[in-house]
Amino acid sequence: MSSPPGAAGKGRSLSAVSRDRIEQHLKFLVGVRHPVAAPAALQRACSYLEDTLRALGYAVDLHGFFDGGQEYHNVVATRLGTRRPEKRVLVLAHFDTVAGSPGADDNASGVALLLELATMFKEWRPELTLQFVGVNLEENSDRDEHGTGLRGSRALAAFALQQGWEIEAVVVLESVAFAGGSVRQAAPAGVPLQVPPNGDFLAVIGNELAQGVVARFALAADSFDIALPVVPLVVPDNGELLPDTRRSDHAPFWDAGYPAIMLTDTTNFRNPHYHEPSDTLETLNLAFAVRVCQATAAFLLGMAGGEGAAPS
């Protein structure tokens with residue numbers, strides 16, 4: 001793994017995060033994006049990811065998988081590494097919603113940050129291959145249908161395993177824009193740490209294999225002086241004893257033996273609009289989202305290494 005770049009490089013790169021661009025992505029994406037309730041909107045989101053990433057100069061592939069007799073796609077944008085292209089760092093965010101919610105926080109926020117990161121890194125020449133991936137069908141196809149989500153990421157993790165991908169880290173952006181000092185924070189039973197009472201922090205969740213990746217993320221946020229409280233949590237094995245820690249696209253990568261972390265505002269343990277019609281753009285804290293984006297960029301700079309220009 002490469003060391004973090006020097007202070008001059010990091011300052012330029014992190015100041016490049018654009019709140020306006022993040023907000024524009026959110027405005028396009030927010031709305032029900034569901035394979036049954038709103039299939040056209042789901043396809044529009046998929047095409048938006050593909051078109052935006054292609055326009056930024058990435059090599060873009062559509063990774064197809066079948067669900068319920070229909071083909072769906074994950075959008076995979078790739079920048080090959082200059083020194084160790086066989087090693088990969090993946091950034092993921094799911095672009096679908098449940099049937100009854102416009103999904104601003106869950107998960108237009110993660111997709112907007114993914115696209116902002118891809119914009120920031122469009123001229124970067126990473127030492128390791130860097131991939132930005134929009135994944136489909138993370139949510140259940142029906143509110144009453146449990147245990148059927150994560151279809152896109154499960155298909156992608158299986159493909160990665162079949163192809164022998166050497167993944168150094170998977171970073172999943174899962175609902176990353178609901179926060180505030182007066183927001184009440186809860187926690188699932190059995191979490192082995194003291195969770196702060198106010199929901200103004202970013203949770204970074206990994207399994208035992210990803211313990212080093214969790215530590216690197218927390219260190220990157222701290223080293224770059226980003227005003228973002230980070231609460232790290234490493235769960236035993238693959239999180240089976242704490243099922244709430246498996247509720248996003250990192251879990252299939254854990255199961256496939258890859259180091260993966262989830263970045264999250266903790267969704268329903270903080271956000272009263274989770275999976276509700278009220279999960280709208282107006283409820284989001286975009287200043288918090290910018291800081292999450294900065295911290296993720298800092299992590300990627302250290303994890304993937306390399307050199308190049310970042311937008312001003």
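1. A polar contact here is a pair of N or O atoms within 3.5 Å; within protein, one must be able to donate a hydrogen and the other to accept it, and residues adjacent in sequence count only if both atoms are side-chain atoms. Under that rule, the side chains of aspartate 105 and asparagine 271 are joined by a polar contact of 3.2 Å. A polar atom of the aspartate 105 side chain also lies 3.4 Å from the backbone nitrogen of valine 176.

2. A word on the model before going further. It is predicted: local features need pLDDT of at least 70, side-chain atom pairs count only at pLDDT 80 or more, and totals for chains, interfaces and linings use all residues. Residues are numbered from 1 along each chain as its sequence is written, and side-chain values use heavy atoms, with hydrogens and water left out.

3. Back to aspartate 105, which sits in helix H4 (residues 104–120); helices (H or I, at least four residues) and strands (E, at least two) are DSSP runs, numbered from the N terminus. Aspartate 105 is buried but has no salt bridge, and the nearest side chain of opposite charge, arginine 270, is 7.6 Å away. Buried means under 20% relative accessible area, exposed over 50%, and partly exposed in between (1.4 Å probe, protein chains only). For charge, Lys and Arg count as positive and Asp and Glu as negative, while His and the chain ends are not counted.

4. Now the salt bridges, each a side-chain nitrogen of Lys or Arg within 4 Å of a carboxyl oxygen of Asp or Glu. The count comes to nine. In one of them, arginine 247 pairs with aspartate 244, with the closest N and O atoms 2.8 Å apart. Glutamate 168 and lysine 87 form another, at 4.0 Å. Because glutamate 168 lies in strand E6 (residues 166–174) and lysine 87 in strand E3 (residues 84–94), this pair ties together parts that are 81 residues apart in sequence.

5. Finally, have a look at helix H8. Its 19 residues (286–304) should span 27 Å at 1.5 Å a residue, and the end C-alpha atoms are 26 Å apart, which agrees; the expected span is 1.5 Å times one less than the number of residues. Of the 19 residues, 17 are buried, so H8 is largely enclosed by the rest of the structure. Asparagine 285 caps the N-terminal end of H8, with a side-chain oxygen 3.2 Å from the backbone nitrogen of alanine 287. Just after H8, glycine 305 takes a positive phi of about 65°.
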